[in-house]
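Here is a quick tour for anyone meeting this protein model for the first time. Have a look at the structure, then read on.

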Amino acid sequence: MTWLIRPLTAADVHPYKSLRDESLYCAPEAFTADHAASVKRPANAYAPRFGAPASGHFFLGAFNAASQLLGCVGCERELLPQQRHSARLVSMMVAPAAQRCGIGQQLLAACIHHAAQVPGLEQLTLTVTAANQHVVRLYERAGFRAWGLLPRAIVVRGVGFDKLHMVRLLPSSPLISA
C-alpha cells in the first residue's frame, strides 16, 4: 500500500498536533517531550518547524486517500556553522491505528531522499528508545548505525529508558564518495 508523502505546511498544524498528542499519550517512552505539556501547546506553535525540504529543516507527512495525516517525520538541520553538515531526524510518528503497514519505512526513505538533496548536508542523526527493537531495526534497515547509548535518557512515571544514538551518512557525503 502507498500513501501520499509530502512536506507539511502551516495548513497542517492541526492534524500534526492531533497526531503528536496521540503519539505522546500512547507511547510516552518514545519521546523526550511529554503529553501533559504538549496538549497545552497551541497548534500554530508548530508551524515554524515546517520549512521547505531544500532548507534541511522540514517535516514530511503520510496521508491516506481521505487526506488524513497517518504519520510524519522531521529533519532539522543543525544551526551552528561547524555542525551544518548534520541534521537530526526527529518526531517519527505513525498513528497507532496505522502502524505496521510500512508508513514509517516510506517516510524514512522519503526523508533520507530529501535530506540527500540539501547542499552540504552529509549525515542524519537520531535517538531512539533502545528497548523499541522494532523501530531500531527499521532505522538499521535504512542504513543507520548505532554509535552510543545514553542510559536513562528519559524517565517516564519513574521508569528510566535508554536512548540509542544512531547516524547515517548521506550519499552526497565526502566520506561515502571518497
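## Salt bridges

A salt bridge, as the term is used here, is a side-chain nitrogen of Lys or Arg within 4 Å of a carboxyl oxygen of Asp or Glu. Keep in mind that this is a predicted model. The structure has five salt bridges. Take Glu76 and Arg49: their side chains meet in one of them, with 3.0 Å from N to O. Glu76 belongs to strand S3 (residues 69-77) and Arg49 to the loop between helix H2 (35-40) and S2, so this pair ties together parts that sit 27 residues apart in sequence. Are these two buried or exposed? Glu76 is buried, its relative accessible area being 9%, and Arg49 counts as buried too, at 17%.

Glu76 also meets Arg88 in a salt bridge, this time with 3.6 Å from N to O. That pair links distant parts of the chain, with Glu76 in strand S3 and Arg88 in strand S4 (residues 86-94), twelve residues apart. Arg88 is partly exposed, at 34% relative accessibility. Arg88 has a salt bridge with Glu78 as well, at 3.0 Å from N to O. Here Glu78 lies in the loop between S3 and S4 while Arg88 is in S4, so the pair ties together parts ten residues apart in sequence. Glu78 counts as buried, at 18% relative accessibility. Put together, Arg49, Glu76, Glu78 and Arg88 are linked in a network of salt bridges.

## Aromatic rings

Now for the rings. A pair of aromatic rings is described by the distance of the centres and the angle of the planes. How many aromatic pairs does a search of the whole structure find? It turns up five. One of them joins Tyr16 and Phe59 edge-to-face, 5.5 Å centre to centre and with 85° between the planes. Tyr16 is in helix H1 (residues 13-26) and Phe59 in strand S2 (residues 57-63), so the pair ties together parts 43 residues apart in sequence. Tyr16 and Phe59 are both buried, and for Phe59 the relative accessibility is 0%.

Phe59 pairs with Phe50 too, again edge-to-face: 5.5 Å between centres and 65° between planes. Phe50 is buried, with 10% relative accessible area. Tyr16, Tyr46, Phe50 and Phe59 make up one aromatic cluster.

## The largest pocket

The largest pocket has a volume of about 1100 Å³. Its lining takes in 44 residues, and those nearest the centre are Ala30, Phe31, Met92, Val135 and Tyr139. Which element gives the most to this lining? It's S4, with seven residues. Among the other elements that each supply at least two are H1, helix H3 (103-116) and helix H4 (133-141). By type, the lining of the largest pocket divides into 24 nonpolar, 13 polar and seven charged residues.

## The second largest pocket

The second largest pocket comes in at about 150 Å³. Residues lining it include Leu24, Tyr25, Pro28, Phe31, His35 and Arg157. H1, H2 and S6 each supply at least two residues of this lining, which divides into eight nonpolar, two polar and two charged. Phe31 turns up in both places: it lines the second largest pocket and is also one of the residues nearest the centre of the largest pocket.

Notes. Residues numbered from 1 in each chain as written. Predicted model: local features only at pLDDT ≥ 70, side-chain atom pairs only at ≥ 80, totals over all residues. Heavy atoms only, no water. Phe/Tyr/Trp six-rings, centres within 6.5 Å; stacked < 30°, edge-to-face > 60°. Helix = DSSP H or I, 4+ residues; strand = E, 2+ residues; numbered from the N terminus. Buried < 20%, exposed > 50% of the residue type's maximum accessible area, 1.4 Å probe, protein only. 1 Å grid on protein atoms, 1.4 Å probe; cavity = no way out; pocket = protein on both sides within 12 Å on 5 of 7 lines; lining within 4 Å. Points joined across faces, edges and corners; volume = space filled by probe spheres on them. Nonpolar A, V, L, I, M, F, W, Y, C, P; charged D, E, K, R; others polar.
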